[in-house]
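Here is the note you asked for, written for someone opening this entry for the first time. Please keep the sequence and the 3D view at hand while reading.

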Amino acid sequence: MGSATCSETSAEAQFKAALCAISPPFCLPGLEIMDANPVYDNLARLPYFQEHTPSGSSLKQFYHYTQWIRQAGFAARFAKYDYGLLQNRKIYGQDIPPEYNLANIKTKVRAWSGLDDQLGDPVDAKKLEDKLKAFKVDSKFNWLHNCGHMTFMWGKDSGKHFIDALIAEVKAN
């Protein structure tokens, strides 16, 4: 998780230890935890990318993700952050966090999912697609072969795989 600047007692180190206890594959170095087949990923730049990982994410977001893993992923409940019984009562007015109400989505949803993604895997992406359709949300999912979780950020030729399609989708809407 980034360069070794945190002590063993830091929140990041504690989080990594908790995550590794829940799901040992998260302890593996490099892309194998995210991409089953990182054929399009720029592995030569991996050391640079890892210096800035996890970029764009907070520890709270990762804790929330581990809550989903513990409850069997997206199949269980697509719910808000679980603060624990007392805080849930204070924040949500109930013992458990409420599920996200996908019926509240009033904008078009366009998603690209790598079929080799180990984190936002295609099974969960398909469940989200089905839930959005059930709520009559205008959504379109695009499935990309040989692309994993990090391909979208770290891919060598991302343009020919999804950026061009993304731009075309934005222009069309």
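The points below go from the overall layout to individual contacts.

1. Please keep in mind throughout that this is a predicted model. The protein contains seven helices and two strands, and, read from the N terminus, its elements follow the order α-α-α-α-β-α-β-α-α.

2. Among the contacts with a separation of 6 or more, 61% are made by residues 24 or more positions apart.

3. Seven salt bridges are present in the structure, and the pair of Asp95 and Arg89 is one of them, with 2.6 Å between the closest N and O atoms. Asp95 has a relative accessible area of 38% and is therefore partly exposed, and Arg89, with a value of 43%, is likewise classed as partly exposed.

4. A further salt bridge joins the side chains of Asp138 and Arg110, at 3.3 Å from N to O. Because Asp138 sits in the loop between helix H5 (122-134) and strand S2 (139-144), whereas Arg110 belongs to strand S1 (residues 109-114), this pair ties together parts that are 28 residues apart in sequence. As for accessibility, Asp138 is partly exposed at 39%, and Arg110 is partly exposed at 24%.

5. Lys140 and Glu169 also form a salt bridge, in which the closest N and O atoms are 3.3 Å apart. Lys140 lies in strand S2 and Glu169 in helix H7, so the pair connects parts that are 29 residues apart in sequence. The two partners fall into separate accessibility classes, since Lys140 is partly exposed at 38% relative accessibility, whereas Glu169 counts as buried at 13%. Through salt bridges that share partners, Arg110, Asp138, Lys140 and Glu169 are joined into one network.

6. The aromatic side chains deserve a separate look, and a search of the whole structure finds four aromatic pairs. In one of them, the rings of Tyr81 and Tyr83 have centres 4.7 Å apart and planes at 65 degrees, which means that the pair is edge-to-face. Tyr81 is buried, with a relative accessible area of 17%, while Tyr83 is partly exposed at 32%. Another pair, Phe141 and Trp143, is stacked, with 5.8 Å from centre to centre and 25 degrees between the planes. Here Phe141 is buried at a relative accessible area of 11%, and Trp143 is partly exposed at 30%.

7. Two threonines illustrate polar contacts between a side chain and the backbone. Thr66 is placed in helix H3 (residues 59-70) and counts as buried, with a relative accessibility of 4%; a polar atom of the Thr66 side chain lies 2.6 Å from the backbone oxygen of Tyr63. Thr151 belongs to helix H6 (residues 151-154) and is buried at 1% relative accessibility, and the side chain of Thr151 reaches the backbone nitrogen of Gly148 at 2.9 Å.

8. Finally, where on the protein is the nonpolar patch that Ile163, Leu166, Ile167 and Val170 form? These residues make up the patch on the surface, and together they have about 310 Å² of accessible area.

How values were computed. Residues numbered from 1 in each chain as written. Predicted model: local features only at pLDDT ≥ 70, side-chain atom pairs only at ≥ 80, totals over all residues. Heavy atoms only, no water. Patch = residues over 30% accessible without salt bridge, like charges linked within 9 Å, V, L, I, M, F, W, Y side chains within 5 Å. Areas by Shrake-Rupley, 256 points an atom, 1.4 Å probe, with all protein chains shown as cover. Salt bridge = Lys/Arg side-chain N within 4 Å of Asp/Glu carboxyl O. Helix = DSSP H or I, 4+ residues; strand = E, 2+ residues; numbered from the N terminus. Contact = heavy atoms within 4.5 Å. Buried < 20%, exposed > 50% of the residue type's maximum accessible area, 1.4 Å probe, protein only. Polar contact = N/O pair within 3.5 Å; in protein donor to acceptor, adjacent residues only side chain to side chain. Phe/Tyr/Trp six-rings, centres within 6.5 Å; stacked < 30°, edge-to-face > 60°.
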